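I set out to record what could be looked up in this structure, entry by entry. The notes follow the order in which I consulted it.

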Amino acid sequence: MIHNVKHYPCFIHGEWINASNNKTFEVTDPSTEQVWATVPDCTREDIERAMQSAKEAQISWQMLSAIERGRYILRLVEVLKPKREHFAKLLVREQGKTLAEAYGEFDDTLNYLTYSAEAARRIQGEIFPSDAPNEQIYINRVPYGVTLGLCAYNYPLALIGRKIGPALVTGNTMVLKAHEATPVTASEFCKAVEEAEFPAGVINLVSGAGIDVSSQLVTHPMTRLVSLTGSTRAGQAIYKASSENVSGLVLELGGKAAFIVLADADIDKAAEAAVISRYANCGQVCICNELVLVEASVAEEFTQRVIEKVQKIRVGDPMTDIDMGPSVTQQGLDRVASMIKESVAMGAKLAIGGGRPQGEQFEKGHWFEPTVLTGVTCDMPVAKEEMFAPVMPIIAVDNFDEALEIANDREDGLSSYIYTQNVNRIMQTINHLEVGTVFVNRQITGNVQGYHSGQKRSGVGGEDGIHGIENYLQKRVVYWSYDA
């Protein structure tokens, strides 16, 4: 029997609603696999209601000044601030990240929202001279209208802030749909929206157990822009599905970041950064270090230092002072375990980890040891496929050119790392590495004033900074003729 299970409704037109057929689905704690919440499994009728609400609210929302829209967002920030402890513990229970990481996610969320609110004074247009006399050409920035925010499970709160902020400050309304594994945080976020007294319909929330809800949202004729953080496969499906509407797209998709270490690098710093950048959030970060490419002359030293640091990673109850919690889904771990098994059969060596941690506390839950694989070659599954798990494959390369070739010989291109003191190599990396973000002598990070985007199959558009704001705006050209 399930005890102490709380229901978290959806939020449509300023009201808390359940699915029109009263169906729900369960949410489990990744640490224990215990069911602790239920949320509505929305119907087409519920989606129609949410879209109509967003459409009705959008015109009046757009007609507010950008400054006034920014004030609403800042009011939301003030409502959220005293809820830091509540949201941090909620994130731990729903997503499995450590409490320290959860506090960081909450702080990032407020940062995203505040930056967007402050950007209200920086939305710009242009005026150009016309070919004709007594005429000017104006380029105005205008909102798309009704937008969708489809969020991944790795950052259930921060991704909401990352999408809601720029969408709203630019005059759009947004319908949110959280990942089915982590929908509770979104419902709690909307309580803060209600408390901040946003106009009804500016932010709506629906939920669904499968892909049907997302598909119906993307193909809805009122949808003008889709913002997705998710896998490349999901992005490709949305790219196709949105073609009938010719909707705008902001797709931040998968990648397999190469972590390049050259012989002249500070090896200890590189090893430390490699570990931090691989095992953060249990390896569930799209820009994580997914594949180490280290020059053969320093590969043994580098690998030994990595193993020493990985041995110190404490895995356990994420509510306590540990370094790594569970993964969100068991399905993902089963896939990775299969990839490791096949790679080992092809000749890879398990240097450390490779399975479920030992002990009574790990009998239930989605646990996996911090893992390092050596002797990896480019044809192995752990080198070819994105893992999104706490597994670090290491490939020894002859030189920088080989590392660059391996990194670029992919259909995705989200991010990459390089550790070297050679300025020429750094510039070659910046000029020739086919990715959206390059970390130079730097572990995983991200600043709101930067830009987070992918190349090739890692997405279109992007988020953060002035360019992220720009992606939620269309251009409208005005030819204005007047009497002299």
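**Entry 1: Arg84 and its partner**

I began with Arg84, which is partly exposed at a relative accessible area of 32%. The model I consulted is a predicted one. I then looked for a charged partner and found that Arg84 forms a salt bridge with Asp107, with 2.9 Å between the closest N and O atoms. This pair links distant parts of the chain, since Arg84 belongs to helix H3 (residues 84–95) and Asp107 to helix H4 (residues 99–118), 23 residues apart. Asp107 also counts as partly exposed, at 35% relative accessibility.

**Entry 2: Further salt bridges**

I noted that the structure holds 26 salt bridges. One of them joins Arg305 to Glu301, whose closest N and O atoms are 2.8 Å apart. I placed both residues in helix H10 (residues 296–310), where they lie 4 residues apart, about one turn of the helix. Arg305 counts as partly exposed at 28% relative accessibility, and Glu301 is partly exposed with a relative accessible area of 36%.

I next looked up Arg314 and Asp321, whose side chains meet in a salt bridge of 3.8 Å, N to O. Arg314 is partly exposed, at a relative accessible area of 39%. Asp321 has 63% relative accessibility and therefore counts as exposed, the cut-off being over 50%. I also recorded a network in which salt bridges with shared partners join Asp268, Glu272, Glu301, Arg305 and Lys309.

**Entry 3: A sheet of three strands**

I traced an open sheet of 3 strands in the order S6-S7-S25, with antiparallel pairing. Its edge strands are S6 (126–129) and S25 (473–481), each of which pairs on one side only. On average, neighbouring strands of this sheet are turned by 25° against each other, direction ignored. I found 9 bridges joining S7 (residues 135–143) to S25. Val142 stands opposite Gln474 in S25.

**Entry 4: A nonpolar surface patch**

I located a nonpolar patch on the surface formed by Val423, Met427 and Ile430, which together have about 270 Å² of accessible area. Ile430 lies in helix H14 (residues 423–432) and is partly exposed, at a relative accessible area of 44%.

**Entry 5: The protein as a whole**

I counted 15 helices and 25 strands in the protein. The radius of gyration is 23 Å, close to the 23 Å that the globule rule gives for 484 residues, so the protein is as compact as a globular protein of that length. The C-alpha atoms fill a box of roughly 75 × 70 × 40 Å along the principal axes. Of the 484 residues, 56% count as buried.

Notes:
Residues are numbered from 1 along each chain as its sequence is written. This is a predicted model: local features need pLDDT of at least 70, side-chain atom pairs count only at pLDDT 80 or more; totals for chains, interfaces and linings use all residues. Side-chain values use heavy atoms; hydrogens and water are left out. Patches are made of residues with over 30% relative accessible area and no salt bridge: like charges are joined within 9 Å, nonpolar side chains (Val, Leu, Ile, Met, Phe, Trp, Tyr) within 5 Å. Accessible areas come from the Shrake-Rupley method with a 1.4 Å probe; for residues, only the protein chains shown count as cover. A salt bridge is a side-chain nitrogen of Lys or Arg within 4 Å of a carboxyl oxygen of Asp or Glu. Helices (H or I, at least four residues) and strands (E, at least two) are DSSP runs, numbered from the N terminus. Buried means under 20% relative accessible area, exposed over 50%, partly exposed in between (1.4 Å probe, protein chains only). Two strands pair if DSSP finds at least two bridges between them. Axes are lines fitted to C-alpha atoms, for helices over the stretch in contact, and angles run from 0 to 180 degrees between N-to-C directions. The radius of gyration is taken over C-alpha atoms; the globule rule is 2.2 Å times the number of residues to the power 0.38.
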